[in-house]
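Q: I'm new to this one and would like a close look at a single part. Could you walk me through it?

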Amino acid sequence: MARENNFKAKMIDYILNENLKLTLLSIILGLLSGAVILAIAGFNPLEAYQLMIIGMLGSPRGIAWTIVQSTPLILTGLSVAFAFKTGLFNIGVEGQFIIGALAATLAGYFLDLPAILHIPTVLLVGMTAAGLWAAFAGYLKAKFGVHEVIATIMLNWIALYLNNYLLEFDSFRRPSSESSHRIKETASIAITWLRDIVGPAVRVNWGIVIALVIAIIVHYILFKTTLGFQLRAVGYNRDASEYGGINVNRNIIISMAISGMLGGGAGALHVMGVSRQVSVLAAMEGFGFNGIAVSLIGNNSPIGVALSAILFGGISYGGRNMQNIGVPSEIISIVIGSIIFYIASYKLLQFVLKKFNRKNDKGGKQYVK
Amino acid sequence: MLSNIALIISITLMYATPLIYAALGGVISEKSGIVNIGLEGMMTIGAFAGAATGALTGNPWLAFIVAGLAGGLFGLLHAVASVTFHANQVVSGIAINFLAPGLALFISRRIFNGATMTPLIPLENKMPLPLNSIFQLLHLRLPKSVSPLFARNSVIDLIFNQYATVYIALALVGILWFLIYKTKLGLRIRAVGEHPKAADTLGVNVYKIRYLCVILSGALAGLGGASLSLAIVSTFRATLVSGQGFIALAAVIFGKWKPQGALAACLLFGLATGLRIFLGGTGLNVSQNLLSMLPYIITLIVLVGFVGKVVAPAAVGLPYEKGDN
Amino acid sequence: MTNIDFSNRVVEMKNITKMFGEFTANENISLTLHKGEVHALLGENGAGKSTLMNVLYGLYQPTSGEIYIKGSRIKDNSPALAISKGIGMVHQHFMLIPTFTVTENIILGMEPTYGLNQVDIQKAAEKVKEISQKYGLTVDPFAKIQDISVGMQQRVEILKTLYRGAEILILDEPTAVLTPQEIKELIQIMRNLTAQGKSIIIITHKLKEIKEVADFCTVIRRGRHIDTVDVKDVTTDDLAAMMVGRDVNFQVDKGESKVGDVVLKVNKLVATDNRGIRALDELDLEVRAGEILGIAGVDGNGQSELIEVLTGLRPATSGAVEIKGTNITNKTPRGIMDSGISNIPEDRQRRGLILDFTIAENMILQNFDKSPFSSGVKLNKEAISSFAKKLIDKFDVRPTNEEMQVKSLSGGNQQKVIIAREVTNDPDLLIAAQPTRGLDVGAIEFVHKSLVEQRDKGKAVLLVSLELDEVISVSDRIAVIYEGKIVGIVDAKDANENKLGLMMAGGRIDG
């Protein structure tokens, strides 16, 4: 009985949490800003948003798509959030995704293992390769003081061209295509029986489950272990951590490595569950940059990131449904950008919140919808 | 041999130019203490605004100005968030990188009937090449002994016959240097970026100066975008800017927050790209992709070897609040 | 003999109240300054003195109350307006831009120009030289602030106000960073200024200086105006009592020290500072068990670098540091901690605490990976909580919730958290660097008590402080550091300010 009350109390605390209120307010304002733009452009915002929600939730197919779209974002968002929590700005998630996907495809195609070994191997190979890629940036920062923003941006591009370079090799590239050979069946995490229900176009896969498990593990590491303690300490205050005996440089590298592993994991899962191959890239696909948005909207916490990834994935997919009445899907970028903008301007929001609270203060708790 | 070098220099200048505009934008913003990650987005909106205006009016200079205004508008947005609402400047910049391309494509579809690429601007309506007609004249009129100097693709032609945007970029480097290091406004800008509280106590309007610098930063980035869509190519498309805003950011840090340093960094980058294109054009049996990695690898090596720990303006990235004690 | 013209009120602050949200920094304070007067504003750290002056200077707007400068009412004050009315402020933490030159700092906001808005540095430098000669304030106009001494930096701050034609100067804790000799010089400068018709408000908590230089004194306690007195009519004890609200005993209660073996031995230590200049010049030092050795010296003579080397944050170029015979030179901070040295850092918010962490997390900052706080990789929440609760109780930390973030604690309580942590490590040597900076009298007493306690337990204590009074009253022996060397060691009993001041400035004493 007491435990039930405790849980309820915790949930209420969470909902009334200042940060959550601000985030929800930002989302609302973001959607409103999008509505204004739609109205100026001559559309009916309500109609458009309705289509969006129907798109993402209105059918099993829509829900499946939403989940599939969200999966990589959970991990790229987590990657950015983890780095933020430890004081680093990992803008190289894009490149780490590419490396993870690339390494996973190589392991998925060239190795011959039973599924029960192949899947974890491919995932680990992808994560490790990306982890090392990111750790290199961390090393440059720790040893040479190179700003991690620049280092990771450079590495993004190097990763992209590395991807394209490896695809020049005939042993890797599938003949008369822009892509590599497909990974073996034993490395795939597709849920075939579900695909029969929602149709083959929706690449339903176990990725979401794996991603959520990884998210829980990350949360545990960050808040319940000595490693997490050190990483957070260094993230908040390098000087005090150093004074307290923590090895700051080592922690920077570890932090980047873990962050990279998460980004690489997203790439690996994407290959294993959706694309089953890598292709020549003309430009970055955006999983990494969207991960930054997801992390910011999710307030850089593991739970927040997961929820925010689903929101992001959902409205991105649902947004395409708006094309039925001619709304360009770019409106989603505008909405997302606006939400982030409002999140950034927290003083503005606090101001708005104060006004709102004053109006509604009739005793008793008010839940911001 | 000489003509090969000239060709490389020519490509270098061409590719460095958009970076130079954006990097100068980055410099002026950060010198006043505001981080501007949104250069990418500001370049994008400038590129679009310029290309759209150019396609609709046929006047490249009007397009150029509109591009600057569009970029400046987003600069204003960033300023409002960062200066007045004390936003996390990095986050605000990221927001702009989502907003700007989204808005650009949205408007493009509305104006150009669903197209995400603006109509191609005909050659005569692109950014002019100011020295082109002079060189052609000289080639025609000068005696045979000297006229080849000004022929198409001669050394002089390759190096000096550039789009107007190139010259403006180079001039802006000098202008910005003068502004920042020689004028009263420049002294105040630097003061605000190093120690806003000190400046405030002496009656300098920190907020006003930061607004000015950030808006200017956006305008410059916008012009950089236009130098892409009005000169190098003749249209705007979604993959046009593709990370150059971030490279410009790297150039700012690389160049130690000085206009001349940023110029050098942008030229280095342009050079690496130029080498890549040149080597790719020769029969050299090296993968284009490996060559494409060159600029980025070179940047990393230079950063490690020569730049190391850099010293940013002391107050950069920190919102200034009166009453912050 | 005073220079005061009682018929001329240059500043009147009437019933000033300033609130920051719910917090009242100043409540109904009134202050009057006459031409030629030196008026002291006395109060503890956090009493509201700086806030009041920031209101006068226009950095803050008063919540209520009126300001009159030279007889005219001031509305919508701002630094620009205050400056134009003749007020100049020299801040406690200098408002100087390190990478700019002396001249650039002085002229900022009032730059002479020519041509295309270009700054006329030559003209500016000449004016600077002119004013500096007029008032006897020597500076090098083209030196960068980061390269000059603190004393010269302060002169630059004063010149800033005079360049703008200030008639009324506000000096905020001006003597905190000066040697006793430089303080005498500053007092003379103040007398020169009032003789030339300037008026001065000096914010300070140093009672002796008030007696020496001020004509009148306004005492503030916890934001409230306690009294305004004629300085001739009161003693320092009276002032202290008004400042704190009770009788204060500034003497530290301590018995004789029982000195034992050498715990810390520093031998010919050499180290460079951040600019590559030699900061420690073959420094020798010994601290024994059961004694408090205080290091006195003007800021910038190597104290900071000494502590950094002793705690493993700065490499020693040569020389040796030994703890109880074990060589710990150039060991990591971790290694040094494990060798038995604990440390109360001088910048508690930067080096001592992680503000976003809880009290409990800060208390285990150095030992989080040891049992019982963790087993293997996992943190043991209960063990951590109970440990923290014990310490909070023992050291009277308020508020008592160990899950509270340290950033919401007062300065004194933050320092208690650090002391609790360091003392509980049971070190052989306890280093305390500026341990009472920014603390109120009650917290200061607590810190001194803790240091004496450790010494009575047989530990060696090394105290580094810029407050000479503190060093003299707390230490058993006093070592003076000057230009990276220990230039003299005296027994606290035999110490007096003049002797020490001389050594701190590089002079030698005979006998």
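What percentage of the 325 residues of chain B count as buried?

A: Of the 325 residues in chain B, 57% count as buried, where buried is defined as having 20 or more other C-beta atoms, placed from the backbone, within 10 Å of a residue's own. A quick heads-up: this is a predicted model, where local features need pLDDT of at least 70 and side-chain atom pairs count only at pLDDT 80 or more, while totals for chains, interfaces and linings use all residues. Residues are numbered from 1 along each chain as its sequence is written, and chains are lettered from A and ligands numbered from 1 in the order in which they are written.

So what is chain B built from? It has 13 helices and zero strands, counted as DSSP runs numbered from the N terminus (H or I, at least four residues, for helices; E, at least two, for strands).

On to its overall form. The C-alpha trace of chain B spans about 75 × 50 × 40 Å along its principal axes.

Inside chain B, 77% of the contacts between residues at least 6 apart in sequence join residues at least 24 apart. Two residues are in contact if their C-beta atoms, placed from the backbone, lie within 7 Å.

Chain B also touches chain A, and that contact takes 38 residues from chain B and 37 residues from chain A. Helix 4 of chain B gives the largest share of chain B's side, 14 residues.

Technical notes
Buried ≥ 20, exposed ≤ 12 C-beta atoms within 10 Å, placed from the backbone.
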